[in-house]
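Q: I am new to this structure and would like to learn how to read it. Could we take it feature by feature?

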Amino acid sequence: MILIADSGSTKCSWALCNKKGEIILECNTIGFNPYFIDSSNILKHLRESVLEELKNKIDIVFFYGAGCSSEDKNKIIKEALTVFFNNADIIVRHDIDAACYAMYNN
């Protein structure tokens, strides 16, 4: 399964999709902006979310977040996601990238 996250500083929206791109589940957590949260707190919030029950079924995570604009900041997010979703490939990008993909016509 594919998990897509769109995170700001206060809220992160998650969409779990099957391989066909159909949305199976949508949920929210607090926002994971690496300027304001560390890897251990990200893990704490993920473990308290509905994603805890599904984490082993996820093959790839696309995380688009505010503050994810440098390798150092992306590392904070990727470290936590790699521990939590230990069977998945993790891709961390800036939330502006997600906006660009949403506007792209093809």
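A: We can begin with the aromatic rings. This is a predicted model, and in it ring pairs join Trp-14, Phe-32, Phe-63, Phe-84 and Phe-85 into a cluster.

Q: How many aromatic pairs does a search of the whole structure find?
A: A pair of aromatic rings is described by the distance of the centres and the angle of the planes. Searching the whole structure gives five aromatic pairs. One of them is Trp-14 with Phe-32, an edge-to-face pair with 6.3 Å from centre to centre and 65° between the planes.

Q: Where in the chain do Trp-14 and Phe-32 lie?
A: Trp-14 belongs to strand β2 (residues 11-17), while Phe-32 is in the loop between β3 (23-30) and α1 (39-47). They are 18 residues apart, and the pair links distant parts of the chain.

Q: Is Trp-14 buried or exposed?
A: Trp-14 is buried, and Phe-32 is buried as well.

Q: Why is the pair of Phe-84 and Phe-85 called edge-to-face?
A: Planes over 60 degrees apart count as edge-to-face. The planes of Phe-84 and Phe-85 stand at 90°, with the ring centres 4.7 Å apart, so this pair is edge-to-face. Phe-84 and Phe-85 are both buried.

Q: What lies over the face of Tyr-35?
A: Lys-73 does, at 4.5 Å from the centre of the ring.

Q: Let us turn to the sheet. What is the order of its strands?
A: The order is β3-β2-β1-β4-β5, in an open sheet of five strands with mixed pairing. β3 and β5 (89-94) are the edge strands, each pairing on one side only. From one strand to the next, the twist averages 15°.

Q: Do β2 and β3 run parallel or antiparallel?
A: β2 and β3 run antiparallel and are joined by seven bridges.

Q: How many bridges do β1 and β2 pair over?
A: β1 and β2 pair over six bridges, in the antiparallel sense. Ser-7 has Cys-12, in β2, as its bridge partner.

Q: In which sense do β1 and β4 pair, parallel or antiparallel?
A: β1 and β4 pair in the parallel sense, over six bridges. Here Ile-2 stands opposite Ile-60 in β4.

Q: Which strands does helix α2 lie across?
A: Helix α2 (residues 71-84) lies across β2, β4 (60-65) and β5, and runs at about 155° to β5. Helix α3 (residues 95-103) lies across β1 (2-7), β4 and β5, and runs at about 90° to β5.

Q: What does Asn-74 touch, leaving aside residues up to four places away in sequence?
A: Asn-74 has its place in helix α2. Apart from residues up to four places away in sequence, Asn-74 touches Cys-68, Ser-69 and Val-92.

Q: Why does Asn-74 count as buried?
A: Buried means under 20% relative accessible area. Asn-74 has a relative accessible area of 16%, so Asn-74 is buried.

Q: The last topic is charge. How many salt bridges does a search of the whole structure find?
A: Side chains of opposite charge can pair when their charged atoms come close. In this structure the search finds three salt bridges. One of them is between the side chains of Lys-19 and Asp-59, at 3.1 Å from N to O.

Q: Which parts does the pair of Lys-19 and Asp-59 tie together?
A: Lys-19 is in the loop between β2 and β3, and Asp-59 is in the loop between α1 and β4, so the pair ties together parts that are 40 residues apart in sequence. Lys-19 is exposed, at 61% relative accessible area, whereas Asp-59 is partly exposed, at 35%.

Q: Which side chain does Lys-44 meet in a salt bridge?
A: Lys-44 meets Glu-48, at 3.4 Å from N to O. Lys-44 is partly exposed, with 39% relative accessibility, and Glu-48 is exposed, with a relative accessible area of 55%.

Q: And which side chain does Lys-55 meet?
A: Lys-55 meets Glu-52 in a salt bridge, at 3.3 Å from N to O. Lys-55 counts as buried, at 18% relative accessibility, while Glu-52 is partly exposed, at 30%.

Methods. Residues are numbered from 1 along each chain as its sequence is written. This is a predicted model: local features need pLDDT of at least 70, side-chain atom pairs count only at pLDDT 80 or more; totals for chains, interfaces and linings use all residues. Side-chain values use heavy atoms; hydrogens and water are left out. Rings of Phe, Tyr and Trp (its six-membered ring) pair if their centres lie within 6.5 Å; planes under 30 degrees apart count as stacked, over 60 as edge-to-face and the rest as tilted. Helices (H or I, at least four residues) and strands (E, at least two) are DSSP runs, numbered from the N terminus. Buried means under 20% relative accessible area, exposed over 50%, partly exposed in between (1.4 Å probe, protein chains only). A charge sits over a ring if NZ of Lys or CZ of Arg is within 6 Å of the ring centre and within 35 degrees of the ring normal. Two strands pair if DSSP finds at least two bridges between them. Axes are lines fitted to C-alpha atoms, for helices over the stretch in contact, and angles run from 0 to 180 degrees between N-to-C directions. Contact means heavy atoms within 4.5 Å. A salt bridge is a side-chain nitrogen of Lys or Arg within 4 Å of a carboxyl oxygen of Asp or Glu.
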